[in-house]
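Please keep the sequence and the coordinates at hand.

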Amino acid sequence: MLALVTDSTCGLTRNEAAELGVDVLPMGYAAGVSRRAEGFVGENGDYAPALRSGGLVTTEAVRPSAFERVFRRNLESGNEVLCITISSRLSGTFRSAEQAAEAVGGEHVTVFDSWGTAGALEFLVRRARALANAGSSVAQIVEELSALRAGARIVFSVPDMVALSRSGRLGAIRRAVATKLNRYPVMTLSEGGIVKLADGRGARGMAAAMAEQVPEGTTELLVSHFGPRGVEAREVLLAARERFPEAHLRVKDGGPVLSKHLGLGAVALAWA
């Protein structure tokens, strides 16, 4: 049997993780002297005040020891393990999983860099489970996931660039992206790194620009809001529903760890 392992930025609920047979390992975040583990979607409470407090807020990748414990438990049960993580260009979690795989021998543990997070990561995890249930080998699953991650599968926007700039994850586009009056930058992840695609005027223009990036014929869409669900998430939901009226469309909280780096009020749109 194939055991799937991922991290909490995948955005699964506890019930979804159980249905998929996925071990979800928590990222950590700290506000002041209070350190917390990121839980399943819907189990993180009201984390916005901690992020708005003005004090130092930090996040922490999943530790190698946490991955190692889960890998060993599954190997002892006779399972192969496929671990799919947040992009290695956004977090040290992928490297932690690699170190854990080396510690347990690695022969029956495969670690895969999703090049994404949030809905893009969730959809890869779901596809991996569907392929495993259909009898695909780990090598076949990795081959298909590699093809899927090569194309854009998520777009996102932020109300301002402060949090994202502080995160240190803008890389080469740092100077190319600037907050303008009533302008929202629309970005994606390309090979795990942030790339700017367009600007939208106001929340409605941003939402339309995001929906335009989704390929024709898409049937699965996921809107992620970071912090309380606000006007940006509402507009993205409406734009996605207007363009894809027959698609299965869900809305989820993106969680405290990604919210810290994107900023409260950020929104993402992912597709299968």
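Helix H3 buries Ala66, Phe67, Val70, Phe71 and Asn74. Viewed along the axis of H3, these residues stay within an arc of 125 degrees, so they line one face of the helix. The face turned away from them carries Arg69 and Glu76, which are exposed. The model discussed here is a predicted one.

H3 covers residues 64–76, and its end C-alpha atoms lie 18 Å apart, in agreement with the 18 Å that 13 residues should span at 1.5 Å a residue. Just after H3, glycine 78 has a positive phi of about 85 degrees.

The buried residues of H3 pack against strands E1, E2 (22–25), E6 and E7 and against helix H4 (93–103). Two of them, Phe67 and Phe71, join Val5 as the residues that touch the most other members of the largest nonpolar core, which has 44 residues. Beyond its neighbours within four places in sequence, Phe67 contacts Val5, Leu25, Val62, Cys83, Thr85, Thr93, Ser96, Ala97 and Ala100. Another core, of 23 residues, lies apart from this one and includes Val186, Leu249, Val267 and Leu269.

Helix H6 (residues 138–149) can be read in the same way. Its buried residues are Val138, Ile141, Leu145 and Arg149. They cover an arc of only 65 degrees around the axis, which puts them on the same side of H6. An α-helix has 3.6 residues a turn, so residues three or four places apart point the same way. On the other side of H6, Ala139, Glu143 and Ala147 are exposed. The partners of the buried residues of H6 are strands E1 (2–7), E6 (80–85) and E7 (109–113), together with helix H5 (118–133).

How values were computed
Residues numbered from 1 in each chain as written. Predicted model: local features only at pLDDT ≥ 70, side-chain atom pairs only at ≥ 80, totals over all residues. Heavy atoms only, no water. Buried < 20%, exposed > 50% of the residue type's maximum accessible area, 1.4 Å probe, protein only. Helix = DSSP H or I, 4+ residues; strand = E, 2+ residues; numbered from the N terminus. Arc of directions from axis to C-beta. Contact = heavy atoms within 4.5 Å. Core = buried A, V, L, I, M, F, W, Y, C linked by side-chain atoms within 4.5 Å. Expected span 1.5 Å × (residues − 1).
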